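Let's take a walk through a protein together, one piece at a time. Have a look at the sequence and the 3D picture before reading on.

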Amino acid sequence: MIINTVKLINFRNHSSYSLDCQKNVTLILGSNGWGKTSILEAIYILTRGKSFRATDKDIIKRGTDFYRIELEYNNGELIIATFDGKNKTFTALDKKTRRLPTKQKYPVILFLPSDLNLVDHSPGRRRDYFDHIYSQLDASYSTSLSRYNKALKQRNELLKTESVTLDSLFSWNLLLAQYGAELHTKRKSYTAEINQRLTSTYRSIAQNQDEVELIYSSDASSSESSYLRTLEQNFPRDSILGHTSFGVHRDDYQFLFNHQSADNSASRGETRSVILALKFIEADLIYEKLGLKPIILLDDVFSELDETRRRCLIENFKNHQVIITSVESIE
Ligand SMILES: Nc1ncnc2c1ncn2[C@@H]1O[C@H](COP(=O)(O)OP(=O)(O)OP(=O)(O)O)[C@@H](O)[C@H]1O
Ligand SMILES: [Mg+2]
């Protein structure tokens, strides 16, 4: 599907703004602070359900008390989101809901300048990055992840109390073992799918013969019973620490270039090529699994890429709808 128009009212610095984007490639040009990323943010909320960078309260234009955004697809489907300072409402097909219904979600590939530093980010940000990819491929991944996070929060709260016992944690341990083992299995398998394509995609961008591998590193387990056992064994330690020291919330991902960790050997150009490769693979996997061509949102990344990588990006996404923001004009 293609987005025809996007309209913003009281959204960040925009009082009223409308974007026509029927073309395959739409360029949003504006100086720093003009409100470019905000437009992508609105599109993201209307396609994925929530912002990639803030809560709704931060988004309402200062001095006003609501925002309203709307998006029309080329099949006439209209999605509206409003936020009145307390409640967010989505309207799609004349139905009002608090969350964007899964059926109304549409896959997007968001490319932010900060993605280019993925290799140097904290484990938490790397986890978020891959969670985001896997959640788009598989809605049940996203459900398991939010259930896991809720159970983890509850368990950690209990661990901070004086009266905590192994018995009082039992139901939380069960939930963490169930969802944790499931997430572990899926992370392993989706990482393997990425790896099947990573080196060849990377080589086509970097024009060399290097080998690249994504490593999923986790001390967790795919077996629910062994996961549960470790949680129980760790109880004395966790009750002293006041948090859960074992589980998939501590997972990380690393890149290997020619079998060496990218942390200390990869150049800026190499890490840029690998992120580009990941974006291409993400789009291919979405198309294969969901049968949908994701919309590509490129936020200011062109200025960070050289001519070859820019061309590669445009060439690879030529059959997608692409919306680009930039400070300077690009040919
Ligand atoms: N809630 C808000 N109300 C009013 N203005 C806001 C609000 N939140 C952010 N802004 C301002 O809106 C402007 C647009 O932000 P945005 O990030 O979209 O700009 P941008 O064009 O992407 O800038 P850059 O080129 O620096 O990335 C900024 O000046 C920001 O300070
Ligand atoms: Mg910006």
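Predicted model: local features only at pLDDT ≥ 70, side-chain atom pairs only at ≥ 80, totals over all residues.

Where they touch, nine residues of domain 1 are in contact with eight residues of domain 2. On the domain 1 side of that meeting place you'll find four nonpolar, three polar and two charged residues.

Strands of a sheet pair through backbone hydrogen bonds, and they can do it parallel or antiparallel. Here, three strands form an open sheet in the order β9-β10-β11, and the pairing is antiparallel. At the edges sit β9 (212-217) and β11 (260-261), each of which pairs on one side only. Strand β10, residues 252-257, is joined to β11 by two bridges. For one of the partners, look at F257: its bridge partner in β11 is Q260.

Finally, the ligand. Which residues are the closest to ligand 1? They are N13, G33, K36, T37 and S38, out of 17 residues that surround ligand 1. Two elements give two or more residues to this shell: α1 (36-48) and α2 (56-59). Helix α1 gives the most, with three residues. Sorted by class, the shell holds four nonpolar, seven polar and six charged residues.

Notes
Residues numbered from 1 in each chain as written. Chains lettered and ligands numbered in written order. Near = placed C-beta within 6 Å. Helix = DSSP H or I, 4+ residues; strand = E, 2+ residues; numbered from the N terminus. Nonpolar A, V, L, I, M, F, W, Y, C, P; charged D, E, K, R; others polar. Contact = placed C-beta atoms within 7 Å. Pairing = 2+ DSSP bridges.
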